[in-house]
Amino acid sequence: MVHSNVAMIIGSNVVENHPVAAKWLTRTKEKGAIIISVDPRYTRTSSFADIYCKMRSGTDIAFVNGMINYALQNNYIHRDYVVAYTNASFIISDKYSFQDGLFSGYDPSTRKYDRASWAYELDAQGNPQKDPTLQHPRCVFQIMKKHFARYDSETVCKITGSPRDIYEQVCRVYTSTWAPDRVGVWLYAMGTTQHTHGTQNIRAYSILQLLLGNVGMAGGGINALRGESNVQGSTDMGLLFHLLPGYLASPTKADANLAAYIKNYTPKASDPKSANWWGNYSKYITSLLKAWYGEQATRENDFAFHYLPKRSADYSWISLFETMYAGQIKGLICFGQNPAVGGPNANKERLALHRLEWMVSVDLWETETASFWKRPGVNPADIATEVFLLPACSSVEKEGSISNSGRWVQWRHKAVEPIGEAKSDLWILDALCKSVKQEYASDGVFPAPILHLAWNYGNGESVDAHREPDVQLVAREVNGNFTRDTSVQGKAFQKNDQVPSFALLQDDGSSSSGCWIYCASYPGLEAKDNQMARRNKQDAANNIGLYPSWAWCWPMNRRILYNRASVDANGNPWDARRWVVRWNTEAKRWEGDVPDGGWPPQEKLPFIMKPEGYAGLWATSLVDGPLPEHYEPLESPVSNLMSSQQVSPAIKLWHTSNKEMNLVGDFARFPIVGTTYRVSEHWQAGAMTRNLPWLSELVPDVFVEIGVDLAQQKGIENGNRVIVETARGKMEGYALVTRRFEPFQLHDKVVHEIGIIWHFGYNGLVQGDSANVLTPHIGDANTMIPEFKAFLCNVFKKEGGA
């Protein structure tokens, strides 16, 4: 970030929620960089920025599509970069069309697209046909120009409520980074993702950054600011229901055996210049199975692939709780999760917990979820759910790694001993596995997947309250080792040697790795080989702040992804002053950061994880369209100005299939836009901070930010108790009357927006209503992340309240 000329912050209040990241923005600002803040509310980030532009919640795509249109209309694009490294020149099928908000292939009866018409035209070798001049009417570039031309600044501002003069200033300033010697960085957080079109929000950001040539550059990129210090690490390790560790797909019923699985998920590429790195899928899944099942995973038994459960449904958050509410789930284990506060439509989700037979809560304190059975208004005698509360260690009471937003994996050492009976997550999981194994040894259907798990972490075969599993052994297993004496790429390795690079993983059973992208993080057998524990402050040769010997970064300690896009076809940096990598013609090697592949210039394309080797301005894999298109949130104060499709046509509408407790509000009754956010003083769902007196006293209760004009209309004064209501529920809080929220002038009306902090619940030293009793059960078409950030509500002064 420190190398940026312009920083765009949208969907994030980085100064308040990510202060360490903001430190680097401060430094680049001191060097003359321009900071832009786009937000419905004038935040602390906005006060720090050079330009603030307000934008109604849920209209990111219209806002950024207009910026893309501005860049295309004014030729503010890095053309050499776009032609050489993106799919702008690819020619699309003549069956593709777009009309009235719908892409070709849409089936309204299923609310799904058949994406065949979005495909590339292929040549005789199976490669996409291209027009490097970008003139072909069906090339991606020309289709984009036509698609985005509809987003002129006047139309955009009627949708977003942004002041047109400021919006056009944002367009001018940010697109100035098309020049090779200027770089723009893009920062976002959950203000971007928590929408019915969150994935397409990020797609729009990516398209603009690619057109400007800002990906792979120092001071560039699309930078997700994670919600806490190890969200990246948990995602890497397979937290999401459809993924295994290392972003491998979890099998479905269509994957009858390992060969079918590999065929279904391994992309094919015909272009010899494409590295097509996912072509190594078989090596990574086989090595993962060897890590899990050891000697029980052999070629003869398909490396125990049949032990893996086959995903047969949507197990995302909303679907999980809808199914739980229907009484179809017997048990739930919550590891550091507090859905009674953090989940959308919280009233329904709390009632869903009633229908469990048992629930386990693993946490530092008794959370609202752990105590749902005795919450206010509930008779504990009416709740049949058996609840187990397991006290867990805090992060300073255990040893292990965390992975930050930049993929830096840093080893933390235990600072203090755990309090009372608290145990580490690792001890709890180890004890659970050993206990379940013991049960299956005497009884159980299909016991082999449990009994054959390779499970030895240095603390004996039985549960011992006084012996912690060896976390170093876990880290080595995640890295992976060779399972027999072997030779790979001319190098000899002995059985049990650690694998020094994922490029050496094999699909013949000779290697194991618990997460292939972490291979090389622990390449030896001694503690000194733990690359994550390194603390050397020496910078790389390019002196841009990579610090390659401080901790370790996946993949292969590469600090900037797709860094070979930062150079031209000859390996010369686009920006010589802030070079990331460059080709040394005399030494015939790359200098600087670890390159995204060590091939010489022109041998392989830089976007190695894409089958064609090119970055995707056009996307064929998303379920809701190859290009971002504006749709309104599920609950909106206005009709969609761009088409007759009010909401994304590909989202699942829970209120039509599961109507009970899924009411949707309308503008007549709920004329105000509501959104939720955090404050620095509280941690997510709040249990960690509402139980600490020194943080609780800083923000002791829920507050609702209300603009001055709206407060006057409602007769609300600062400090009044107010009621906020939606179709799903109501909550109470203190009014914070502020000029940070201003009304939005939209195309046919003036609309107000309010904001509510969401950290509170009915437990802890300080208590308050959860904002998520207001939010709906609706999610993104691709990720199913709930739409927390835009809903309709109303606000009133509490009768008899101060």
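Me: Which strands form the five-strand open sheet, and in what order?
Reply: This is a predicted model. Its five-strand open sheet has the order 3-2-1-8-9, with parallel pairing.

Me: What makes strand 3 and strand 9 edge strands?
Reply: Strand 3 (51-54) and strand 9 (222-224) each have a single partner strand, so one side of each has no neighbour in the sheet. The twist from one strand to the next averages 20°.

Me: How do you know that strand 1 and strand 8 pair?
Reply: Pairing needs at least two bridges. Strand 1 (residues 6-10) and strand 8 (residues 184-188) have four bridges, in the parallel sense. They therefore count as paired. Ile9 stands opposite Leu187 in strand 8.

Me: Which helix lies across strand 1, strand 2 and strand 8?
Reply: That is helix 2 (residues 19-30), which runs at about 135° to strand 2 (34-39). Helix 4 (residues 60-73) also packs on the sheet. Helix 4 touches strand 1, strand 2, strand 3 and strand 8, and its direction makes about 155° with that of strand 1.

Me: What are the bounds of the domains?
Reply: The domain assignment gives domain 1 as 1-98 + 129-229 + 559-630, domain 2 as 317-428 and domain 3 as 654-797.

Me: How do you know that domain 1 and domain 2 are in contact?
Reply: Contact means heavy atoms within 4.5 Å. Seven residues from domain 1 and seven residues from domain 2 take part, so the two domains are in contact. Their C-alpha centres lie 37 Å apart.

Me: How much area is buried between domain 1 and domain 2?
Reply: About 540 Å², and carbon and sulfur atoms give 41% of that. In domain 1, Ser229, Arg559 and Leu561 lose the most area to domain 2. Together they make up 80% of what that side buries.

Me: What makes strand 12 and strand 14 edge strands?
Reply: They belong to an open sheet of three strands in the order 12-13-14, paired in parallel. Strand 12 (331-335) and strand 14 (386-391) each have a single partner strand, so one side of each lacks a neighbour in the sheet. Neighbouring strands here are turned by 10° against each other on average, direction ignored.

Me: Why do strand 13 and strand 14 count as paired?
Reply: The cut-off is at least two bridges. Strand 13 (residues 358-363) and strand 14 have six, so they pair, in the parallel sense. Val362 stands opposite Leu390 in strand 14.

Key. Residues numbered from 1 in each chain as written. Predicted model: local features only at pLDDT ≥ 70, side-chain atom pairs only at ≥ 80, totals over all residues. Heavy atoms only, no water. Helix = DSSP H or I, 4+ residues; strand = E, 2+ residues; numbered from the N terminus. Axes fitted to C-alpha atoms, helices over the stretch in contact; angles between N-to-C directions. Domains from an automatic or database assignment. Buried area = accessible area lost by both parts, 1.4 Å probe.
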